[in-house]
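Subject: Structure handover

Hi,

Here is the structure for you to look over. My notes on it follow below.

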Amino acid sequence: SLCRKSGEVYPTINQLKIFPDLKKLLECNDSAFKSRVCNLLGNMCRHNEFFYEQIKSSGIVPTLLKCCYDNDKATRKFACFAIGNAAFLNNSLYESFRPIIPRMVELLKDSEDNTRANSAGALGNFVRCGDQLTDDLIKYKAHEALLQLAETQDSQQIQVIRVALFALGNFCNNPKIKIELEKIKFRSRIEALRSKYANDKQLLE
């Protein structure tokens with residue numbers, strides 16, 4: 001909760017040297033612990049990149065990635081949240097996140113709305129600060145899966161649609177992915193969404 005509120009607490013949290021303990025908790029069998037650690041890591045990346053290097057050097061990333069496969073829906077949700085935030089401000093962790101791309105695409109069909117939204121946001125962030133993951137995103141058809149996500153949600157899941165479209169906006173800034181989007185009739189399909197949600201100003205934006 002402290003990290004969620006303000007990045008000003010990051011240096012003080014850092015003095016506690018908690019990464020070894022966080023890694024142990026992520027490796028345990030109790031999903032109640034794992035989900036909370038994932039949530040904490042996401043909030044430790046919420047305001048700035050202060051902890052990015054420690055996340056990379058601490059060895060916690062592989063265990064964090066495993067949480068995306070957890071049977072517990074809260075753990076999956078917050079793992080996607082953490083990964084997305086850790087990819088938002090720079091590309092220093094992109095290479096560490098390369099193995100999770102196919103799973104993130106799968107999670108766009110998760111039963112939980114927030115998990116679908118968080119995985120969509122993470123995929124969008126994988127191109128936000130660099131292009132080194134472009135080929136993998138194309139290989140696993142992340143662009144097509146995001147567009148399908150936006151098309152298949154109903155009006156009760158409008159936030160999921162917004163996140164998917166925002167992620168696609170990031171994809172559109174990548175020349176190679178833009179070519180792939182053209183191949184699946186992206187423009188006409190976006191226009192169909194514009195017509196469908198003509199009364200939602202934020203979604204139209």
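A residue counts as buried under 20% relative accessible area, as exposed over 50%, and as partly exposed in between. Phe-50, at 36%, is therefore partly exposed. Please keep in mind that this is a predicted model.

Aromatic pairs

Searching the whole structure gave seven aromatic pairs. One of them joins Tyr-10 and Phe-50: the ring centres are 6.3 Å apart and the planes meet at 50 degrees, so this pair is tilted. What does the pair tie together? Tyr-10 belongs to helix α2 (residues 10–15), while Phe-50 is in the loop between α4 (31–44) and α5 (52–57), so the pair links parts 40 residues apart in sequence. Tyr-10 has a relative accessible area of 0%, so this residue is buried. Phe-50, again, is partly exposed. Tyr-10 and Phe-50 also belong to a cluster: ring pairs link them with Phe-19 and Phe-51.

Charge over a ring

Arg-128 sits over the face of Phe-88. The distance to the ring centre is 3.8 Å.

Asn-85

Asn-85 is in helix α7 (residues 73–86). Is Asn-85 buried or exposed? Its relative accessible area is 15%, so Asn-85 is buried. Its side chain reaches the backbone oxygen of Gly-42 at 2.9 Å. Leaving aside residues up to four places away in sequence, Asn-85 touches Gly-42, Cys-45, Arg-46 and Tyr-52.

Best wishes

Technical notes: Residues numbered from 1 in each chain as written. Predicted model: local features only at pLDDT ≥ 70, side-chain atom pairs only at ≥ 80, totals over all residues. Heavy atoms only, no water. Phe/Tyr/Trp six-rings, centres within 6.5 Å; stacked < 30°, edge-to-face > 60°. Helix = DSSP H or I, 4+ residues; strand = E, 2+ residues; numbered from the N terminus. Buried < 20%, exposed > 50% of the residue type's maximum accessible area, 1.4 Å probe, protein only. Lys NZ or Arg CZ within 6 Å of the ring centre and 35° of its normal. Polar contact = N/O pair within 3.5 Å; in protein donor to acceptor, adjacent residues only side chain to side chain. Contact = heavy atoms within 4.5 Å.
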